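Student: I've got a structure open on my screen and I'd like to learn how to read it. Could you walk me through it?

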Amino acid sequence: MKTPPSLQALIEEGVIDEVLRPLKSGKEAAVYVVRAGNEVRCAKVFKDMGHRSFQKRVQYQEGRKSRGSRETRAVASGSRYGRKQQEDEWKNAEVDALFQLRAAGVRVPEPYSFLHGVLVMELITDANDFAAPRLAEVELTPEKAREFHAILVREVVRMLCCGLIHGDLSAYNVLVGPEGPVVIDFPQVVSAAGNNAARTMLLRDVNNLTATLGRWAPELLDTWYGEEMWAIFEAGQLQPDTPLTGEFTFDEHTVDLDGVRDAIEDARQVALIRQQGREAQDDED
Ligand SMILES: Nc1ncnc2c1ncn2[C@@H]1O[C@H](COP(=O)(O)OP(=O)(O)O)[C@@H](O)[C@H]1O
Ligand SMILES: [Mg+2]
């Protein structure tokens, strides 16, 4: 295909040799299948952040360490340099997270390079070498759904042990490879320690997974893995291999149980609505 302008510089610098085809273009990024030597990879081109609400960025970036005081001041002042800095941080956050999570043994695409705002990474494929489907697009047996749920809950635990929460974990950001699920799409990754919204985001991420996989294995809907792992994490005792039961006893003296269940049901509804919105958006693409 004709090389998109955003990828021209990477070809000139020999990072990639050819753009094979577009894979997916959404509001935030366009992903292409590319060739680098004999390898087929994918290139994620980040779009401008103009449309993102400032609020969302502030929530996400709270707790994310800025690299130096000049950057911190520039971001705070909202100057053009600050804006550029903030966009770069957004893009870098995904690359940083991929390297960190790979090192911790979490199954995410291997990052190869990050140049000119383009992330070149491993293309996750299915058993026939086609781009892997998303979790939202596959049919599962109850056994597979339970297996994927167990794997993904463990991945969330491993991320939390790295101090990271995905922040947008849904059936659209999990690919189904031949060896099981692979989590993608990390620009909004949040710090588990420094962010007020961390617990809420963790519970939302786990609820999204549970709601999706609970369609195939309804007994999963009665599990409380997010609450359980957060309590152990907060107590400073969460390890990558800490066994979890999915059971969680809310403190009935301080917590209104019905209220909590309603809030979680609300979160599940929100996940469903967001999913439907994305499906509608995907249909437009
Ligand atoms: N490493 C990858 N391997 C295979 N497909 C990918 C990969 N990264 C992204 N994709 C495809 O591109 C889509 C968009 O990528 P994603 O990182 O989720 O960005 P966004 O959702 O912000 O547009 C994904 O849903 C997936 O279908
Ligand atoms: Mg995505």
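Tutor: Happy to. Let's begin with burial: a residue counts as buried if 20 or more other C-beta atoms lie within 10 Å of its own, as exposed if 12 or fewer do, and as partly exposed in between. Keep in mind that this is a predicted model.

Student: Let me try that. Is Ala 193 buried or exposed?

Tutor: Ala 193 has 10 other C-beta atoms within 10 Å, so it is exposed. You'll find Ala 193 in the loop between β9 (190–191) and α6. Its C-alpha atom is 6.5 Å from that of Gly 163, although the two residues are 30 apart along the chain.

Student: And how does Val 108 count, buried or exposed?

Tutor: Val 108 has 25 C-beta neighbours inside 10 Å, so it counts as buried. It's a loop residue too, sitting between α4 (80–103) and β4.

Student: Which residues is Val 108 in contact with, leaving aside its neighbours within four places in sequence?

Tutor: Those contacts are Leu 98, Leu 101, Arg 102, Val 182, Val 183 and Ile 184. As for Met 121, it is 13 residues from Val 108 in sequence, and their C-alpha atoms are 9.8 Å apart.

Student: Now the whole chain. How many helices and strands are there?

Tutor: The chain has eight helices and nine strands. Of its 285 residues, 31% are buried. If you take contacts with a separation of 6 or more, 58% of them are between residues 24 or more positions apart.

Student: What should I know about sheets before I trace one?

Tutor: The general idea is that strands of a sheet pair through backbone hydrogen bonds, either parallel or antiparallel. Here, you can trace an open sheet of five strands in the order β1-β2-β3-β5-β4, with antiparallel pairing.

Student: Which strands stand at the edges?

Tutor: β1 (18–25) and β4 (111–115) do; each has a single partner strand, so one side of each is left without a neighbour in the sheet. Neighbouring strands of this sheet are turned by 25 degrees against each other on average, direction ignored.

Student: Which residues make the contact?

Tutor: From α6, you have Arg 199, Leu 202, Leu 203, Val 206 and Asn 207; from α7, Tyr 225, Gly 226, Glu 227 and Trp 230. These divide into five nonpolar, two polar and two charged.

Student: Why is α7 described as largely enclosed by the rest of the structure?

Tutor: Because seven of its 10 residues are buried. They are Tyr 225, Gly 226, Glu 227, Glu 228, Met 229, Trp 230 and Phe 233. Their cover includes α5 (142–161) and α6. After α7 comes Gly 236, with a positive phi near 75 degrees.

Student: One last feature, the ligand. How many residues surround ligand 1?

Tutor: There are 21, and the closest are Lys 24, Gly 26, Pro 109, Ile 124 and Asp 185. β1, β2, β3 and β5 (118–122) each supply at least two residues of that shell. By type, the shell divides into 13 nonpolar, two polar and six charged residues.

Note on methods: Residues numbered from 1 in each chain as written. Chains lettered and ligands numbered in written order. Predicted model: local features only at pLDDT ≥ 70, side-chain atom pairs only at ≥ 80, totals over all residues. Pairing = 2+ DSSP bridges. Helix = DSSP H or I, 4+ residues; strand = E, 2+ residues; numbered from the N terminus. Axes fitted to C-alpha atoms, helices over the stretch in contact; angles between N-to-C directions. Contact = placed C-beta atoms within 7 Å. Nonpolar A, V, L, I, M, F, W, Y, C, P; charged D, E, K, R; others polar. Near = placed C-beta within 6 Å.
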